[in-house]
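Take a look at the model shown here.

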Amino acid sequence: MDQKKLDSLFSKIWQDYCQLNPQALKIYEAFIAQGEQVINDHVAYRTLQHPRLGMKHIAKHFEKYGYKEKNEYFFKEKKLYAKHYEHPDLSQPKIFISELELNKLSSPTQKILNTLAEALPPHFDEDESHLYKGRIWDINYSEYTQLAQESEYAAWVSAFGFRSNHFTVSVNSLKKFKDLEQVNLFVKGLGFSLNSAGGEIKGTPVELLEQSSTLAGQVDVEFKEGHYKIPACYYEFARRYSLPSGLLYQGFIAKSADKIFESTNRQKISN
Ligand code: NI
């Protein structure tokens, strides 16, 4: 594995993500100003379960650096299937990839998404720049809102395309913040809102993983009809607990992730 190449890839993915999510960069810089070194627990991607766009098309670019698939997850209500990938060097971020199960959606929604997938040029995903190139199709704002009525996830993918949906700070790696509550207070103190669907902290020590996230900021996106402000990406924070073996748990909790997906919903979630 070429560490420098992998570092450079993550740096390009991060730069693209920060352009859409300036709040992540501000929070990251605030941690650095506290003397912290920010380590990523995981980087997440969203895609469609379509022969041209499934999770394999994203995973292949990480697998060449030694990443291996680990656990799988099911989100029945949101019609999502997901897997996480780990690097043999556990200091590298895990990769969490979910895909929307198109065959479970209504036929008008399937039609919009299939049209996007089928219009993709040949070899569009051959290069690893696929991981940070963004949207490469045109879409109507009316189609975006139609998708959002059935699946906020589908709408997000249609508007933003190929790029990371979120980065996640490893709270275990922070020195001055002993738990997720302290991190949440710090982030709110900077003026950012947290996703409170299901409580600010998702998961418990017994489940071996606690997570929280910001609410996605609104960004200006170009559609065929013009520019509209829509929710983009969010920043996440994860604290892991040890297994009886003493090693940190590395998996994810579907019940917690289910609520975290809602961080990009159009209507902001209130308590
Ligand atoms: Ni996540």
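The model is predicted: local features need pLDDT of at least 70, side-chain atom pairs count only at pLDDT 80 or more, and totals for chains, interfaces and linings use all residues. Residues are numbered from 1 along each chain as its sequence is written, and side-chain values use heavy atoms, without hydrogens and water.

His42 sits in strand E1 (residues 40–48) and Glu236 in strand E9 (residues 234–240), so the pair links parts of the chain 194 residues apart. Strands are DSSP runs of E, at least two residues; helices are runs of H or I, at least four; both are numbered from the N terminus.

His42 is buried, at 2% relative accessible area. Glu236 is buried too, at 1%. Buried means under 20% (1.4 Å probe, protein chains only).

Now the helices. The axes of H1 (residues 3–20) and H2 (residues 22–33) come within 5 Å and cross at roughly 110°. Axes are lines fitted to C-alpha atoms over the stretch in contact, with angles from 0 to 180 degrees between N-to-C directions. H1 and H2 are therefore roughly perpendicular, a term for 65 to 115 degrees.Trp14, Tyr17, Cys18, Gln19 and Leu20 of H1 meet Pro22, Ala24, Leu25 and Tyr28 of H2, with contact meaning heavy atoms within 4.5 Å.

Notes: Angles under 35 degrees count as roughly parallel, over 145 as roughly antiparallel, 65 to 115 as roughly perpendicular and the rest as oblique. Buried means under 20% relative accessible area, exposed over 50%, partly exposed in between (1.4 Å probe, protein chains only).
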